[in-house]
Amino acid sequence: MKTEFSLAQLADPDIAEADKILRACVHCGFCTATCPTYVLLGDELDSPRGRIYLIKEMLEKNRPPTAEVVKHIDRCLSCLSCMTTCPSGVNYMHLVDQARARIEKDYRRPLGERLFRAALAWILPRPGLLRAGMILGRFGRPLAALLPTPKAESGTPTLLRRIKALLALLPGGLPAPGPAGGSVFAASGKKRGRVALLQGCAQQVMAPRINQAAISLLTRHGIEVVLVKDEQCCGALTHHLGRDDDALARARANIGVWLREAEKNGLDAILVTTSGCGTVIKDYGYMLREDRDFADPAAKISALAKDITEYLGGIPLQPTQQHSDIVIAYHSACSLQHGQKITQLPKELLSKNGFVVKDVPESHLCCGSAGTYNILQPDIANRLRDRKVANIAMIKPDMIAAGNIGCMVQIAGGTSVPVVHTVELLDWATGGPRPGLN
Ligand code: SF4
Ligand code: SF4
């Protein structure tokens, strides 16, 4: 794609990067067929190619984003399916990240929307606040039924619609919190390695059982696990809301505490059980490339970050129980399959450890979770969830496995089939408890 940035514009490293990405696009349109929003809405401006044009216009003309541009960028799930499909290697992720940051800086949303997004950005990355908010929100749930249901719209969802979507996502009860940061879990038997396990924010409030299963599985196989003290949210949630200052501050803080832990006690890897977070931590090196003090440390941390299945793939697991009567529908989270290009490994691990694993039809299409997307764009998100659940039902599974808490909550909202994390199943196969209580 031909671009027309001025030399002055190209002196900005972000614009120079955008220019490189835009020039790689040959506007072939292959990406449109696998874009969930284009598949649902059929509007070129809700396709990757359409959004790329909108972003190009916005950046080249250096003008504030219009409401129309914001609508179509907001509707993008950042699922990155387009990056898997693109034959030219267009890095849509870095382009849309830049567009979101530009919108956040230069576009004035209506007051209610600004306050709502600010509240999400403030509460979600703070597990203590999130827990309190969820407990309070439970009292609001009955009220949600009394609120009028706005019609599904073609424009931006109303604040009321978003509040209803948020309340609908709240769980009926919350489990007790997991272990605190600073905890160390010793390896059983001969010590073979030492890893940090990302504590996460929403996951540690909604499903601490996932990291508990990871800790049990790892320590059972000789790996010492540390929950690093003073670790923060990885920044993914605010990054996807375009709040880059917040996301980068969190990235720098995490890099500091992880590197100190690695230097003091040694770390073979930083393991992540929420693939949405893993994709962003693996991108810290890029996000901080222009930061003289943090570029190298960030690249080191990105190289240490691994999805839990990547690490488990290098350890001979010892299955103690066979579950060949259990059919697992493996839901491939977008952040794992498109963001990290991890597609076969989780399925291979499950099969090797005795489960019958089946692919979900249309597995490249997002379930609609996508960070805060199911709150901010509930109508599209619900349509994608219903489509995902219908595809899953076709293979009649006993359980659904996924590697991302966001997908797990989203899919569980549309089915009675238990939704579990891949690591819970591997823990079960090697001597842990049976998972499946949502
Ligand atoms: S597939 Fe790639 S090159 Fe083709 S239009 Fe989409 S982003 Fe551009
Ligand atoms: S990230 Fe997903 S929703 Fe956004 S343009 Fe690409 S395929 Fe479409």
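Start by selecting Arg250, which lies in helix H14 (residues 244–265). You are looking at a predicted model. Is Arg250 buried or exposed? It counts as buried, because its relative accessibility is 6% and buried means under 20%. Now show what touches it. Leaving aside neighbours within four places in sequence, Arg250 is in contact with Pro125, Arg126, Gln232, Cys233, Cys234, Gly235, Thr238 and Tyr284.

**Stop two: the five-stranded sheet**

Select strands E1 to E5. In what order do they lie? The order is E1-E3-E2-E4-E5, in an open sheet with mixed pairing. Look at the edges next. Strand E1 (184–185) and strand E5 (305–307) each have a single partner strand, so one side of each is left without a neighbour in the sheet. Strands of a sheet pair through backbone hydrogen bonds, either parallel or antiparallel.

Walk across the sheet from E1. E1 and E3 pair in the antiparallel sense over two bridges. Here Val184 stands opposite Val226 in E3. Move on to strand E2 (residues 193–197). E2 runs parallel to E3, and four bridges join them. Select Ala196: its bridge partner in E3 is Val226. On the E4 side, Ala196 stands opposite Ile270. E2 and strand E4 (residues 269–272) pair in the parallel sense over three bridges.

Now colour strand E3 (residues 223–226) by side. In a regular strand the side chains alternate between the two faces of the sheet. Ile223 and Val225 are on one side of E3, with Glu224 and Val226 on the other. Both faces are covered, and all four of these residues are buried.

Jump to strand E6 (residues 327–330). Val327 and Ala329 point one way, while Ile328 and Tyr330 point the other way. All of them are buried.

Which strands flank Ile328 in the pairing? Select Val357 in E7, which stands opposite Ile328. Then select Met399, the bridge partner of Ile328 in E8. Strand E7 (residues 356–359) pairs with E6 in the parallel sense over four bridges. Strand E8 (residues 399–402) also pairs with E6 in the parallel sense, over three bridges.

**Stop four: helix H22**

Select helix H22 (residues 378–393). How far apart are its end C-alpha atoms? They are 22 Å apart, which agrees with the 22 Å that 16 residues should span at 1.5 Å a residue.

Show the buried side of the story. The buried residues of H22 are Pro378, Asp379, Ile380, Ala381, Leu384, Arg385, Lys388, Val389, Asn391 and Ile392. They pack against several elements, among them E6, E8 and helix H10 (159–169). Helix H3 (36–41), helix H21 (373–376) and helix H23 (405–412) are also packed against them.

**Stop five: Leu365**

Go to the loop between E7 and H21 and pick Leu365. Leu365 counts as buried, because its relative accessibility is 6%. Leaving aside neighbours within four places in sequence, Leu365 is in contact with Thr34, Pro36, Arg387 and Lys388. Draw a distance line from Leu365 back to Glu224. The two are 141 residues apart in sequence and 36 Å apart in space, C-alpha to C-alpha.

**Stop six: ligand 2**

Select ligand 2, which sits in the second largest cavity. How many residues surround it? There are 13, and the closest are Cys35, Arg51, Cys76, Cys79 and Cys82. H3, helix H4 (48–61) and helix H6 (81–85) are the elements that give two or more residues to this shell.

Select helix H5 (residues 67–74). Val69, Val70, His72, Ile73 and Asp74 are buried there. Their cover includes H4, helix H7 (92–106), helix H8 (111–123) and H21.

Follow the chain into the loop between H5 and H6, and pick Leu80. Leu80 is buried, with a relative accessible area of 6%. Most residues other than glycine have a negative phi. Phi of Leu80 is near 70°, a positive value.

Finish at His27, in the loop between helix H2 (13–24) and H3. His27 is not a glycine, yet has a positive phi of about 35°. Is His27 buried or partly exposed? It counts as partly exposed, at 39% relative accessibility.

Technical notes:
Residues numbered from 1 in each chain as written. Chains lettered and ligands numbered in written order. Predicted model: local features only at pLDDT ≥ 70, side-chain atom pairs only at ≥ 80, totals over all residues. Heavy atoms only, no water. Buried < 20%, exposed > 50% of the residue type's maximum accessible area, 1.4 Å probe, protein only. Pairing = 2+ DSSP bridges. Expected span 1.5 Å × (residues − 1). Contact = heavy atoms within 4.5 Å. Near = heavy atom within 4 Å. 1 Å grid on protein atoms, 1.4 Å probe; cavity = no way out; pocket = protein on both sides within 12 Å on 5 of 7 lines; lining within 4 Å. Sits in = over half its atoms within 2 Å of the grid points.
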